[in-house]
Amino acid sequence: MHSLRDEHKSRGHTVLVVLVASGLTLATLALAVVMACSSYRSTLDAARQNARFISSLVATQMGMVLIDIENSLTETARLLAMMQSLPPREQNNQLREALGSIQRKKSYIQTMFITDAHGQVISWTNPGIAPDISDQDYIMAHQEKDLEVFIGGPMHSKTRPGTWIFGVSLGMRDRQGQLTHIVGAVVALLPLLEIFDSVDMPQGTHLMVTDLEGRIYLHAPNQEQHVGRTVPEIKNSALRDMQSTTFTSVTAADHVELVAGDTRISRYPLLAFASFPREMVLEPWKNHAMVYGGASVVLVLVVAGLSTLLVRGQIRLNRQSRELALAASTDMLTGALNRRAFMEFASREFARVCRYGGYLSCIMIDLDHFKNINDTYGHPAGDLILSSSARYIASRLREPDMFCRYGGEEFVILLPGTDRNGAATVAEELRAGLAGLDLKRGDEKLPLTASFGVAEIHAQCATLDTLISLADQALYEAKENGRNRVCLAPRQQQG
């Protein structure tokens, strides 16, 4: 008796120690999780702020470049207005000299030009005959609207194949508001990218400049792979209407998650972006989390190991019991209930309907010419038809419906709460669906149709065997009338 009392006491102490150890472990784990989550948020917040700061630097640099180009175009326009009284030759020489002086000072300007109101070039800085640029967006924009400065979209150069450019243009108008001239600069994108070399950025930083439609002008790294592409998310995003934001995104090409910031470029319809790969941002956090969480993980593993040993046996027993119960009630080939389990479950449902009232319908199914299929295509083909038919039928039934392989190629379905017409509708849908299945054995298509018998019995007036018998009689009628059809047991036979 004393020994038994000591055993109970020892068990109590053991339980108490396990509970205390588990509590301490869980508390340590909770503290580590809280610290890790707090550090995680702080790391991402810092990365977002850095991305937004770098994007603002890029926006400032790009804005300064565009303002410089705009000022040069404005000076050229003023010079052109002052030269209207000069002879054409002298006027053209002075304009070419002025345009050339601007181009030489800016490595990213490929060409300076002046056109008339129709977009025909009257002066430009490159040798030879000027190309026709009247169809370019930076020309047509001034013809369609009263604009001052216009930023064109990225495009391939007409004079230098393979070179990406965009146009910046300024429209000149007379006192009546009529367009007289267009002064512009063609900017080469690759040299322009070099101005961002002065921006101090962490390793792995991605830079991008787009317009509000999402067209990419600049992208570092891999400029040539991205320039000219469109990012649809930008066009449909609230980023277009905000001065500066931070966000996360996923690259379309390699599905890398980015922590990003963007800034609207002042005065111009452009956006500057800076981003870091999320994995790179979180790498230091992961190292700290591994150090701080190591001890907690060890404690959790110890407790989990002990707990696993205690419950593993019971889990194994429960799983084996479930597997045995499932094997005892399920047909292994089709996954449907076997006949014994079906009759047991169906009898319970039948008793419930008898007691509380309602309808109960039964569908008997027979796969047509199944013996011929086995003889012609072999038993593996027959097994394929049985399993495929069963899967299709089961997928179309409700949760309370009972589906059974009644024997051989015969199936039976019990439909609680369903009357004769509803059951007939279900049967017709199943018939059409089975006939439409595309089953093949090698290159040969396997024929598959089925015949259906439907019966309904008011539960208080009959037995379950009567219901199945009536459905089987209707099935026999369907087979006698040519198969691949649904037949209903007459109402006068029910009850």
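Select Thr 205 to begin. Setting aside neighbours within four places in sequence, Thr 205 is in contact with Ile 54, Ala 220, Pro 221, Ser 275 and Phe 276. Contact here means heavy atoms within 4.5 Å. This is a predicted model, where local features need pLDDT of at least 70, side-chain atom pairs count only at pLDDT 80 or more, and totals for chains, interfaces and linings use all residues. Residues are numbered from 1 along each chain as its sequence is written, and side-chain values use heavy atoms, with hydrogens and water left out.

Stay on Thr 205. Its place is the loop between helix H4 (189–193) and strand E7 (206–211). Helices (H or I, at least four residues) and strands (E, at least two) are DSSP runs, numbered from the N terminus. Thr 205 is buried, at a relative accessible area of 11%. Buried means under 20% relative accessible area, exposed over 50%, and partly exposed in between (1.4 Å probe, protein chains only).

Zoom out to the whole chain. The protein chain holds 12 helices and 18 strands. Of its 495 residues, 41% count as buried. Among contacts with a separation of 6 or more, 59% come from residues 24 or more positions apart.

Next, select Thr 463. This residue sits in the loop between strand E17 (450–458) and helix H12 (464–480). Thr 463 is partly exposed, with a relative accessible area of 42%. Not counting residues up to four places away in sequence, Thr 463 touches Phe 350 and Ile 457. The side chains of Thr 463 and Thr 466 are joined by a polar contact of 2.8 Å. A polar contact is a pair of N or O atoms within 3.5 Å; within protein, one must be able to donate a hydrogen and the other to accept it, and residues adjacent in sequence count only if both atoms are side-chain atoms. Thr 463 and Cys 354 are 109 residues apart in sequence, and 9.4 Å apart in space, C-alpha to C-alpha.

Last stop: helices H10 and H11. Select residues 379–395 for H10 and 420–435 for H11. Which residues meet between H10 and H11? Ser 389, Tyr 392 and Ile 393 in H10 meet Glu 429, Leu 430, Gly 433 and Leu 434 in H11. The residues of this contact divide into four nonpolar, two polar and one charged. Ala, Val, Leu, Ile, Met, Phe, Trp, Tyr, Cys and Pro count as nonpolar, Asp, Glu, Lys and Arg as charged, and the others, Gly among them, as polar.

Definitions and conventions
Axes are lines fitted to C-alpha atoms, for helices over the stretch in contact, and angles run from 0 to 180 degrees between N-to-C directions.
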